[in-house]
Amino acid sequence: MTKILYVEDNDDNVYMLKMRFELLDGFEVLVAEDGAVGCEKAVAEMPDIILMDLDLPVVDGWEAARRLKADQKTRHIPIIALTAHAMSGSREKALAAGCDEFDTKPVDFDRLIQKVNYLLANKCAG
Amino acid sequence: MTDGSGPRPSRTGHGLRERLLLSFVAISSFAVIAAVVGNYAFYAIGKALHQVTEESVPPAIATLELAQSSVRIVAAGPALLAVTSNEEFETESAALDRQLKAAGAFLDKLPGQGLTADKLIQFRIIFRVVTANLESLKSAVQSRISAADRKAALVSQTFDAYNNFRTIWAPKFNELKAQIASLQRVLDAAGSSPEARMAAVGRLNAVIRDLAPLEQMQQEAANVFEALVRAASATTPAVLETIRKDADLSVRHIDDLVSGLDPDLSFELIVPISRMRANAVGPASVIAVREVELQAIQEGRRLTVENSELSAQLSSAAAALVAASQQGIAGATARTESVQSFGRLGLAAAVALSLISSVLIGWLYVGRNVVARLTTLSDGMRALVGGRRDITIPTSGSDEIAEMARAVEVFRDNAIALDQLLAEREQAAAQLEKVVDERTAELQQRGAVLRVTFDNMAHGVMTFDREQKVAAWNRQVIKLLELPEAFLAAKPHFADFIRFLAERGEYGAVDVEAEVQRFTAEAGQHRTFERSRPDGTVLEIRHNPLPDGEMVIIYTDVTERRRYEETLTAARDQAEAMSRTKSSFLANMSHELRTPLNAIIGLSEMMVTNAPRFGTEKAAEPLRRVHRAGKHLLDLINQVLDLSKIEAGKLDLNLETVKVPLLIDEVIGTARGLAEQNKNHLIVECAPDIAPLLVDPLRLRQILFNLLSNACKFTKGGEVSLCVTPVSIEGRNWVDFSVADTGIGMTPEQVDKLFEEFVQADQTTARNYGGTGLGLAITRKLCRMMGGDTLVTSEIDKGSVFTARLPTGSAASEANTDHSANAPDEPGPSGDCVLVIDDDLTARELIANHLRGAGFAVVTAAGGREGLKRAEELHPIAITLDVLMPDIDGWTVLAALRGNPELADIPVVMATITDDQQHKGMTLGAAGYLTKPIDRDRLIALLQPYQARVRRTCVLLVEDDPTQRERIRSWLEPQQWQISEAENGRVALDRLGEEVPDIILLDLMMPEMDGFQLITALQERPAWRRIPVIVVTSLDLTAADRARLNSGVEGILLKDSFDPAQLVAIVQGYVAKTRQSQKVPEVAS
């Protein structure tokens, strides 16, 4: 059972993604509504992969990603940044913050699954 | 020279003038004093004289009069006493009364004071006594006279009685005597018988017996009478007594005798005897009366004696009075004399003093002080002038002469100094020459530097002297214009200079002389222009005439600059094109973007509502989310599009008269749900009598909903209120829609950022509260489009108030409405207007208001297409044209205007934000150019010429007879109208092609093309159809003719049936009517 931590404040997005992953069997989706809660839950639950929305209240996605990557305990957890910001430079900025992958919203679910699987596989490998 | 102190201030040099003045004043004052003294003396004398004449003399006169009166009174006494009759008495009495009265009057005139006082009292006393005495005297005399009169009457009576007695007695006596006589005869007769004798003797004795008493009676009667006569003049009472006794006796005797008489006789004698008795005896007798008379006389005498004594007293008293008053006069006279002598003395003294002081002043002061010093001074000056420098000047004193002396001293010192100076001058002159040489060298040096600068300037400079001949030039101008040095060295005239250039082809292929003419004509004006040279360079040339007639021309090579400008212009055009593309892109995308949303929203809704049908019961929640997200997206897209539409000026407002309370109800209905979401309490206050507003109801709802949803969004468990209130600010009326909340509020920094698009108060707020931040930006833009604005006040943690303020009445009506409170422009007296084309409402209104203020009639158009349409309809006198417009841009419009022959002559002023498109404008034929923000004065200045131009009415006179043409022209010319003539219809058409007149005066019978044909031709063109035509003909028109004329002719005048004034009035009337009918209100674009 792959544990996914989805850090997202928009209710509709949470609803949709959670439902879609859980429809696939083998995925469990945990939710955090802001960056701070996200970091806490990451430490507490130790998910296999984190899907991080970037525009978050309290602590935003970039900062949360940095913290998680800085923390020994959570460094190894792959993070996919998700954002509606479609401008050039967003990808670089996310990767610079420590994210392992980057995707834009609206989410192409198949592409996302691919990325998830890829990261999980590589993580396990290294 | 001198010590350098110039003329000293005259303050210290006063004295001479003042002292002389004082002297004169002193002398004059003595004279004045003398005059005063003299006057006083006159016054005193006058007073004394007055006293004399008023106070002393009248009484004195009165006393004299009184004395005279007294004398007369004194004389009156004896006179009175001497009167013998009543008349005399009356006269004398009256005279006496007069005198007494006069005396009394004089007495009253006398004053009771002064010297005469006691004398007067004495006099009065005596006078009173005298008066009394005289009165008594009067009465005594009066009684004497009355007694005398009575006595006389009685005596006369007695005399009558006695005569009466004798009359009666005498016959009887005589009879008896006769008897006796006869008897005697008898007796005596010898022949008488003794018996007869005896008888006779006996009768004789009887008769004698009868005769004796009669005789006795008569004697007694005579006695009585005589006694009474004596009594009347008896002088003493004793004598009177004797007479009384005598008379008494005689009366008694008579009585005795009467009884012995014959009864008949005694009866007859009763009357006289009793009369005589009465008068002789008793109280009424003469005697008694005489007694009374004697008493009166006695009294009279006594009184007279008294009177004479009193008279003497009176006279003396009068004399005393007179003396006293004379004394008074003497005293007054003496006083007068004393005053007179005093006056004389005083006057003499004053005059003497005056004389003495004059002499003293004249001699001592003027002579010694003034004249002497002046003489010294003038001697000194003469010496100075003569060349001596060693003189001394007396400078003591503080008056003008001392001043002068000091000045002379200065003069002397100056003269000495001057001598010195002349010596120094020689030295200085030599020095100066040396300096001049040095300076000249310096100047030459500088001149060389300037020359080098001048020559090497980047600008070419050419100067012309006062005679317009070449004066100076620099290297650059030679280079720029490729001028031969030799040519310039000859200092050609400006005209020759131009000729040279023209002949060389500088201006291209032109008429050389014409060019020369043109340039010389404009030589005196400041001009800046650009010119392309044959070799391709572009020069900017500035002609600068100087006030004294010289001229400087500066040439600058601006080829590069032009190139840059062109590049920039091209880039700008490109940018504008791109902007336009963007706008149309956005506009088109609205359609594209909304289409897919249609499916999303619609289908998801369908599947929720008809879940059983599609078996989507379980999918309800996801589908609802899909639907909601779709609606949200649509909302966002609409906002973005709204915003871009507003930016591009393509948002249309559909204004309607909206009943505010109704609209509020609708909005609130929708907002209630929002309020409940955050547990907010919604309050609405709207006065039911708010006037209906002219707004776009859709947009107003949008605004209100935006404000309410914001308020609800940012407030939790609080209060949101919407208040609609009418407001009046500086005379304009507005309606405020205020949404107040008790939410989180904003800091001042947040308030500032509020209306920026895409910015929420901050990122956190966006996260918490959602939204894109577009709503407020749109709200504000919409408010402004409707002529209002949005206002915000807020306090952090307390809440905020957002107000949408919209104008009521005329202000809300702008571009898209037919009825505005600014009345539709009356095309002014000229009937023509300025067309303002601008897509931006604010700019349009601004220009329109400026122009209206300057007296133009204005019609506006909100875009290029509309503008062109309006231009064709209205043929305005001028057009202002915005460059940046969304549908077709200003340049295109301008080109279109120029391309249309009917509109090509209308002057167009371009208005734009950038100011380097001037060339483009000029090249395309714009008449002027303004940058936004529009400078009002420049705008008016640009359009002023066209305003003036149009006011002249233009009359086209079509008439083949030149005399008649001349006549009509002379009638109309005083009106300052523009009059053009045509001798037939064809020529008239030519004229119409040049300029469209305001009215045509048309003859019918003309060669080539007559009036009827012309009228038909006029109907063909809309611009010409409008022109009012007045037919002036001498024809007798048939019905058919009139029918032909009916369409297209305003009026028909018979030649010679109207006078100049009438024609003018008719023309004016038709022109005004036509212009009035051209008034058209603005229409929504």
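## Helix H3 and B:Leu176

In this predicted model, B:Leu176 lies in helix H3 of chain B, which covers residues 117-188. With a relative accessibility of 5%, B:Leu176 counts as buried, because the cut-off for that class is under 20% relative accessible area.

B:Glu87 is found in helix H2 of chain B, and its relative accessible area of 58% places B:Glu87 among the exposed residues, since exposed means over 50%.

## Helix H15 and the residue after it

Helix H15 of chain B comprises the 29 residues 620-648, and at 1.5 Å a residue it should span 42 Å; the C-alpha atoms at its ends are 41 Å apart, which agrees with that expectation. Just after H15 of chain B comes B:Gly649, which takes a positive phi of about 70°.

## Chain A

The secondary structure of chain A consists of five helices and five strands, and when read along the sequence these elements follow the pattern β-α-β-α-β-α-β-α-β-α. Chain A has 126 residues, of which 47% count as buried.

How values were computed. Residues are numbered from 1 along each chain as its sequence is written. Chains are lettered from A and ligands numbered from 1 in the order in which they are written. This is a predicted model: local features need pLDDT of at least 70, side-chain atom pairs count only at pLDDT 80 or more; totals for chains, interfaces and linings use all residues. Side-chain values use heavy atoms; hydrogens and water are left out. Helices (H or I, at least four residues) and strands (E, at least two) are DSSP runs, numbered from the N terminus. The expected span of a helix is 1.5 Å times one less than its number of residues. Buried means under 20% relative accessible area, exposed over 50%, partly exposed in between (1.4 Å probe, protein chains only).
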